Amino acid sequence: MQGVAVLRPDALVWRDPPVWPFVWRGLLPLVLLAWVAAFAIGPVAHDWIEGSVARETRSQLAAAGFTWVSLSVSGQTITLSGEEPAAGAGGRAVALAEAATCPSWIGRLSCAATVVGRFAAPPPVATAATAPALSAAQGCERSLAEALAAEQIEFGTGSATIGTQSGALLDRLASQVRSCPGIVRIDGHTDPVGRGRINRRLSEARAAAVRDALIARGVPAERLRTRGFAARRPIADNLTESGRARNRRIEFHALSAN
């Protein structure tokens, strides 16, 4: 006896496949694209990009000795500010910031489209015709600067210990400081090699060591003040060893007798 296949009428009716599996698979790429676009134009990406530009530019300025420059980033514009230690220093800082590069997906590119410099100019240098007669404090400060022009106080590398070879120089400085009116401030300076916080402490410690040496040579302690500036006030190019050596220094400033 042969079997007979019976087809149910409802089995011959075509039914469309469920819609939802295809809908969510089609929408998923669109959702991902929308999320990427929102991130790219959102405040998180905006702050991240500006922060990266600020860090890279500030690092490259500091490596060249421009630690006195303040920096802000807005969009593709970098604004530099600060008091120029010497005429033309602001222009050199702007040129360096324009040449600074930042990492990107296709390699290192220019960090900013525009660099703006808003610097305070250094005080004008008085000419011989217009310069007033030097006060006693100014004359004292000049004589101390002349004493240090040919010979600097020597310290151990990375140390505030004064070298024994500087004893005679300290004797002469102590004699001059005793004859100065008012308060004398001792300023310590370093080059930019190393961390800024460590250099600040080192510059302060070296100024304090000179103060102690002068007190030991008869200068009244109450007439001496100290400050440490780290690498914020260079007087020479930090890109060369000779320039960095000049920037590692001690300076004296005679303050008002009042």
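The torsion about the S-S bond of Cys102 and Cys111 is about 105 degrees, so this disulfide (a pair of cysteine sulfur atoms within 2.5 Å) is right-handed. The structure is a predicted model, in which local features need pLDDT of at least 70 and side-chain atom pairs count only at pLDDT 80 or more, while totals for chains, interfaces and linings use all residues. Residues are numbered from 1 along each chain as its sequence is written, and side-chain values use heavy atoms, with hydrogens and water left out.

**Disulfides**

- A disulfide is a covalent bond between the sulfur atoms of two cysteines.
- By the distance rule, the count comes to two disulfides.
- Cys102 and Cys111 are joined with an S to S distance of 1.9 Å.
- Both Cys102 and Cys111 are buried, where buried means under 20% relative accessible area, exposed over 50% and partly exposed in between (1.4 Å probe, protein chains only).
- Cys140 is joined to Cys180, with 1.3 Å from S to S.
- The link of Cys140 and Cys180 has 65 degrees about the S-S bond and is right-handed.
- This pair connects distant parts of the chain, 40 residues apart: Cys140 sits in helix α4 (residues 136-149), and Cys180 in the loop between α5 (167-178) and β6 (184-189).
- Helices (H or I, at least four residues) and strands (E, at least two) are DSSP runs, numbered from the N terminus.
- Cys140 has a relative accessible area of 6% and is buried; Cys180, at 5%, is buried too.
- With the bonded cysteines of the protein numbered in sequence order, the pairing reads 1-2, 3-4.

**Strand β2**

- Ile78 belongs to strand β2 and counts as buried, at 0% relative accessibility.
- Not counting residues up to four places away in sequence, Ile78 has contacts (heavy atoms within 4.5 Å) that include Val53, Thr57, Leu71, Cys111 and Val116.
- Ile78 and Ala97 lie 19 residues apart in sequence, and their C-alpha atoms are 8.2 Å apart in space.
- Thr79 is also in strand β2, which spans residues 77-83.
- Thr79 is buried, with a relative accessible area of 18%.
- Leaving aside neighbours within four places in sequence, Thr79 is in contact with Ser70, Leu71, Ser72, Val116 and Arg118.

**Helix α3**

- In helix α3 (residues 89-99), the buried residues are Ala89, Gly90, Ala93, Val94 and Ala97.
- These residues cover an arc of only 140 degrees around the axis, so they are on the same side of α3; the arc is that of the directions from the helix axis to the C-beta atoms.
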